[in-house]
Amino acid sequence: MRVYLPCTLPALAAAVEAGELGPAPLTGYAVTPALTEWYASGDTEELEYVALTEAARASLRMLAADRADGVEAAPRRVVVAAEVPERAAAAGVDLEERARVRLAQPIPMAKVAAVHIDDLYAVPDIEAAVAALPAADEGDDDARFTVDGAEAHELMWYATQEIPDLLRS
């Protein structure tokens with residue numbers, strides 16, 4: 001099963017150094033039965049795109065949390081796509097997002113299939129979205145519009161062998 005894990009560049013660097021994404025439990029996004037039922041007309045590719053988009057939203061929140069903790073990172077959403085056994089990903093009815101899954105074990109970097117990341121031209125909009133998150137969460141429509149604007153940027157696809165280059169940029 002393909003699982004999309006929200007990440008940031010510092011977290012990706014730490015995962016590369018550790019040889020795994022963790023610590024567990026991890027939150028990821030995947031094509032779950034609830035997502036399939038909700039998006040009944042979509043094919044597998046469309047459903048995976050929905051899961052990727054959910055992970056990108058979570059990555060934006062991770063960027064905001066890093067900022068709040070004083071961690072400076074490039075304002076670029078990062079999503080790690082990994083292959084895990086279906087039994088490793090638990091979806092539940094009590095989870096907020098239809099695509100959300102929980103992973104009880106760290107994910108070895110050898111299971112990573114690809115990395116999706118914002119292109120540099122998206123940085124100003126991602127920066128604005130991170131700054132607007134608190135107001136958006138309070139119901140400010142203009143701030144929500146700014147946050148939603150981050151999704152106008154498609155994440156770029158990178159092969160695993162390109163990860164060291166991404167971390168140097």
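Which residues have the most contacts inside the largest nonpolar core? I looked this up before anything else. The model is predicted, so I kept to its limits: local features need pLDDT of at least 70, side-chain atom pairs count only at pLDDT 80 or more, and totals for chains, interfaces and linings use all residues. Residues are numbered from 1 along each chain as its sequence is written, and side-chain values use heavy atoms, without hydrogens and water.

**Entry 1: the cores**

I found 24 residues in the largest nonpolar core, and those with the most contacts inside it are Leu5, Leu12, Leu21, Leu103 and Ile107. A nonpolar core here is a set of buried Ala, Val, Leu, Ile, Met, Phe, Trp, Tyr and Cys residues joined through side-chain atoms within 4.5 Å. Buried means under 20% relative accessible area, exposed over 50%, and partly exposed in between, with a 1.4 Å probe and protein chains only. Among the elements that give two or more residues to this core I noted β1 (2–7), α1 (9–18) and β8 (112–117). Helices (H or I, at least four residues) and strands (E, at least two) are DSSP runs, numbered from the N terminus. A second, separate core has 14 residues, including Tyr4, Tyr29, Ala51 and Leu52.

I then followed Ile107. Not counting residues up to four places away in sequence, Ile107 touches Leu5, Glu20, Leu21, Leu26, Ala82 and Val84. Contact means heavy atoms within 4.5 Å.

**Entry 2: Arg77**

Is Arg77 buried or exposed? Arg77 is buried, with a relative accessible area of 3%. I placed Arg77 in the loop between α3 and β4. Its side chain makes a polar contact of 2.7 Å with the side chain of Asp118. A polar contact is a pair of N or O atoms within 3.5 Å; within protein, one must be able to donate a hydrogen and the other to accept it, and residues adjacent in sequence count only if both atoms are side-chain atoms. A polar atom of the Arg77 side chain also lies 3.1 Å from the backbone oxygen of Ala150. Leaving aside neighbours within four places in sequence, the residues in contact with Arg77 include Ala56, His116, Glu151 and Leu155.

**Entry 3: two cis bonds**

Where are the cis peptide bonds I looked up? One joins Gly22 and Pro23, with omega about 0 degrees. Another joins Ala24 and Pro25, also with omega about 0 degrees. Pro23 lies in the loop between β2 and β3, and Pro25 lies in the loop between β2 and β3 as well.
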